[in-house]
Amino acid sequence: MRSNKTLIDTSVLFLAFINRQEECLAVLRDPVLISSSAMLELGNLIFARCGPMLAAQTLRTIYAHPTAYELVAISDDDQGRARDMMEKYADETFQFVDAIM
């Protein structure tokens, strides 16, 4: 069975939850997929820019709504492919979480 859910990255989550940007909020009106690496990155980003309380509250909100925000574990194979991609495109400026996407 194929999912109609959209895989979203950290920037969309940050802009929706923290900046309340309308385009990003619109994406979250339907159930979405979030990789575990994006969750880690989101927590760190909010912590660094907004503090630990808002980081904890945002993560709690996401975890409290598993039908709206489906968390996707990153397999060892996925991680290996991401590392390979980072090496192959070493002249690009993207991070591990971007390669996972």
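Mentor: Let's start with Ser37, which is found in helix α3. Helices here are DSSP runs (H or I, at least four residues), strands are E runs of at least two, and both are numbered from the N terminus. This is a predicted model, where local features need pLDDT of at least 70, side-chain atom pairs count only at pLDDT 80 or more, and totals for chains, interfaces and linings use all residues. Residues are numbered from 1 along each chain as its sequence is written, and side-chain values use heavy atoms, with hydrogens and water left out.

Trainee: Why is Ser37 called buried?

Mentor: Buried means under 20% relative accessible area, exposed means over 50%, and partly exposed is in between (1.4 Å probe, protein chains only). Ser37 has a relative accessible area of 11%, so it counts as buried. Leaving out residues up to four places away in sequence, Ser37 touches Ile74, Val97 and Ile100, where contact means heavy atoms within 4.5 Å.

Trainee: And what makes Ser75 partly exposed?

Mentor: Its relative accessibility is 32%, so Ser75 goes in the partly exposed class. Ser75 sits in the loop between β3 and α5.

Trainee: What makes a group of residues a nonpolar core?

Mentor: The residues must be buried Ala, Val, Leu, Ile, Met, Phe, Trp, Tyr or Cys, joined through side-chain atoms within 4.5 Å. The largest such core here has 20 residues, and among those with the most contacts inside it are Ile8, Phe17, Leu28 and Ile34. At least two residues each come from α1 (10-17), α2 (22-27), β2 (32-35), α3 (36-50) and α4 (52-63). The largest share, 5 residues, comes from α1.

Trainee: Why is α1 called largely enclosed?

Mentor: Of the 8 residues of α1, 6 are buried, so the rest of the structure largely encloses this helix. Those buried residues are Thr10, Val12, Leu13, Phe14, Ala16 and Phe17. Their cover includes β1, α2, β2, α3, α4 and β3. Phe17, for one, is in contact with Leu28, Thr58, Thr61, Ile62 and Tyr69, setting aside neighbours within four places in sequence.

Trainee: How do you know that the buried residues of α4 line one face?

Mentor: The buried residues of α4 are Ala55, Thr58 and Ile62. Looking down the axis of α4, they fall within an arc of 70°, so they line one face of the helix. That arc is taken from the directions from the helix axis to the C-beta atoms. On the other side of α4, Pro52, Met53 and Arg60 are exposed.

Trainee: What span is expected for α4?

Mentor: The expected span is 1.5 Å times one less than the number of residues. α4 has 12 residues and reaches 16 Å from its first C-alpha to its last, close to the 16 Å expected.

Trainee: What makes Glu70 and Lys5 a salt bridge?

Mentor: The rule asks for a side-chain nitrogen of Lys or Arg within 4 Å of a carboxyl oxygen of Asp or Glu. For Glu70 and Lys5 the closest N and O atoms are 2.5 Å apart, a salt bridge. This pair links distant parts of the chain, with Glu70 in strand β3 and Lys5 in the segment before β1 (6-8), 65 residues apart.

Trainee: How many salt bridges are there in the whole structure?

Mentor: The search finds 3. Glu22 and Arg29 meet at 2.6 Å, N to O, and Arg81 and Asp78 at 2.5 Å. Arg81 and Asp78 both lie in helix α5 (residues 76-88), 3 residues apart, about one turn of the helix. As for accessibility, Arg29 comes out at 56%, so it is exposed, while Glu22 at 44% is partly exposed.
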